[in-house]
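New notebook page. I want to look through this structure loop by loop and then go inside.

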Amino acid sequence: AYTANSASFTDGTNSTTGTNNVVIYNGTGNTVTVSGLTAATAYNFDVYEYNGTTSTYNYAAAASAGSTTTLDIEPTAQATALTFTNVTTTGMTIGWTKPSSGGGTYSLVVVKSGSEVNSDPTDGTFYGASTAFGSGSQTGTGNYVVYNSTGSSITISGLTSNTTYYVAVYQYNGTLTTCNYLT
């Protein structure tokens, strides 16, 4: 019989089945929520079916296996002091001040034409950016990513004259599937 504690992966009360193989669930259900994991770390999972009681357990080979990577640490502070300079009929430079502490390593800038940005980025999703408005990834319909990097300004093009554009800047940590956005 194996002892399992999904509420605290690293508390030392869980049984192990070899080096770094921790039992996180032992029961009759089909889902488990695991806590106590480390940010931006890959974890592999195996599920074993068994029959028996007390000392007569009979385990089958792994019924299924999978892996996932946890999200990176979420920032605690957003960028401030958004500025618009070098505004022309088809472009502009957008600037922002990154937080001195608690901010993410990266900034994601989203621009929408005609109304406020209305769709935040999704954790675990990496968005491709393009300085040509309308060409980058979208966080939602019409919410275009124009910047995704470590700096604090971007010059964009492809705008339409006499049109209002709305901008949102998100701080985040992580890469590819570990992106964790402060929304």
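I started with Asn162, which sits in the loop between S10 and S11. Strands here are DSSP runs of E, at least two residues, and are numbered from the N terminus. Asn162 has a positive phi of about 60°, though it isn't a glycine. Buried or exposed? I found Asn162 exposed, with a relative accessible area of 83%. (Exposed means over 50% relative accessible area, buried under 20%, partly exposed in between, with a 1.4 Å probe and protein chains only.)

Before going on, I noted that this is a predicted model: local features need pLDDT of at least 70, side-chain atom pairs count only at pLDDT 80 or more, and totals for chains, interfaces and linings use all residues. Residues are numbered from 1 along each chain as its sequence is written, and side-chain values use heavy atoms, leaving out hydrogens and water.

Next I checked Leu176, in the loop between S11 and strand S12 (180-181). Leu176 isn't a glycine either, yet has a positive phi of about 45°. Its relative accessible area is 58%, so Leu176 is exposed.

How values were computed:
Helices (H or I, at least four residues) and strands (E, at least two) are DSSP runs, numbered from the N terminus.
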